[in-house]
Amino acid sequence: MISIDSFQTKKSLSVGGKALTVFSLAALQSSLGVDLSRLPFSLRILLENLLRREDGRIVRKEDIESLIHWDASAKPNKEIAFMPARVLLQDFTGVPCIVDLAVMRDAMIKMGGDPNKINPLQPVDLVIDHSVQVDEFGTSVALQHNASYEFERNRERYAFLRWGQRAFKNFRVVPPDTGIVHQINLEYLAQLVFASPHEGETLAYPDSVVGTDSHTTMINGLGVLGWGVGGIEAEAAMLGQPISMLIPQVVGFKLRGKLKAGATATDLVLTVTQLLRKKGVVGKFVEFYGPGLSSLSLADRATIANMAPEYGAT
């Protein structure tokens, strides 16, 4: 359902001659007379998520007000329901999720219902990369041979996933011999902005993702809010259930200047990790800002974001 919109933030936006519906933080700021620029960017994404999904039950007006009046120094104690725009799976932890959907279809048949009604309610991508093995290397045909061995070794599992991609709506599989899940997420799957039809309108909203891999945080280097979750949480999100979370504390990390000649993103991220481990950021958001960001390439930013689990940030 479209939000009940207690704060009157639902607005129309025309882009390239196409009418889009958005939930505007600028409209919220204007109507309430509050300065939302004080909120970290990551919390503004959470705020838009709540505005768009306010239903008076799962997302209430009070939840939105709590985020609007976020206190940077307060200990987190307010729980909100966050719904990611999509779910990212890898083949080790993702296959059981698809098996569960298949079992649900079997159960639906036994109950006399329509099994085709069982589908992920959120866009889901499964990237096959964790099970890939290297049997040959150092030759011009190594990649080709390794791919052949991989399909032979996991034929039954890949056949099942291929069936799943054909059978389920909102589900795509990226085959082996394509790349690492985080690289594919960064270069191909991320949309930055979703434009989805909903109840006769085209709703535009920020991309966000949860994935069954702790290094899903790498996508934050592209400005997409994302982090790793367990298989049960991912499956719940697939089926339209929000992720319950406390409104997080956010630690700012200011970057100045630029890397000296000879210094790499690896050098930078190891230093960042050392500093943040000393600071203590477990369970918190870390947001990087400052003039130094403009000197970092996307690959450099993604390297820093990828290491978030190593310094304990969400």
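This is a predicted model: local features need pLDDT of at least 70, side-chain atom pairs count only at pLDDT 80 or more; totals for chains, interfaces and linings use all residues.
1. A residue counts as buried when its relative accessible area is under 20%, and Phe194, at 5% relative accessibility, is therefore described as buried.

2. To begin with the charged side chains, the structure holds 9 salt bridges. Side chains of opposite charge can pair when their charged atoms come close. One of these bridges joins Arg60 to Asp63, with 3.4 Å between the closest N and O atoms. The two partners can be set apart by their accessibility, since Arg60 is partly exposed at 32%, whereas Asp63 is buried at 3%.

3. Asp63 also takes part in a salt bridge with Lys78, where the closest N and O atoms are 3.1 Å apart. This pair links distant parts of the chain, for Asp63 belongs to helix 3 (61-68) while Lys78 lies in the loop between that helix and strand 3 (79-82), and the two are 15 residues apart. Lys78, with a relative accessible area of 22%, is partly exposed.

4. A further salt bridge is made by the side chains of Arg153 and Glu150, at 3.3 Å from N to O. Both residues lie in helix 5 (residues 142-153), and because they are 3 residues apart there, about one helical turn separates them. Arg153 is partly exposed, with a relative accessibility of 36%, whereas Glu150 is buried, its relative accessible area being 1%.

5. Turning to the aromatic residues, the count comes to 7 aromatic pairs. In one of them, the rings of Phe194 and Tyr205 have centres 5.5 Å apart and planes at 10 degrees, so this pair is stacked. Distant parts of the chain are linked by this pair, with Phe194 in strand 7 (residues 193-198) and Tyr205 in strand 8 (residues 201-206), 11 residues apart. Phe194 is buried at 5% relative accessibility, and Tyr205 is buried at 13%.

6. Another pair is formed by Phe253 and Phe288, whose ring centres are 5.1 Å apart and whose planes stand at 40 degrees, so that the pair is tilted. Because Phe253 lies in strand 12 (residues 250-254) and Phe288 in strand 13 (residues 285-289), the pair ties together parts that are 35 residues apart in sequence. Phe253 counts as buried, at 13% relative accessibility. Elsewhere in the model, one aromatic cluster is formed by Phe82, Trp227 and Phe285.

7. Finally, there are places where a charged end is set over an aromatic ring. The charged end of Arg44 sits over the ring of Phe41, at 4.1 Å from the ring centre. In the case of Lys61, the charged end sits over the ring of Phe7, and here the distance from the ring centre is 5.7 Å.

Conventions: Residues are numbered from 1 along each chain as its sequence is written. Side-chain values use heavy atoms; hydrogens and water are left out. A salt bridge is a side-chain nitrogen of Lys or Arg within 4 Å of a carboxyl oxygen of Asp or Glu. Buried means under 20% relative accessible area, exposed over 50%, partly exposed in between (1.4 Å probe, protein chains only). Helices (H or I, at least four residues) and strands (E, at least two) are DSSP runs, numbered from the N terminus. Rings of Phe, Tyr and Trp (its six-membered ring) pair if their centres lie within 6.5 Å; planes under 30 degrees apart count as stacked, over 60 as edge-to-face and the rest as tilted. A charge sits over a ring if NZ of Lys or CZ of Arg is within 6 Å of the ring centre and within 35 degrees of the ring normal.
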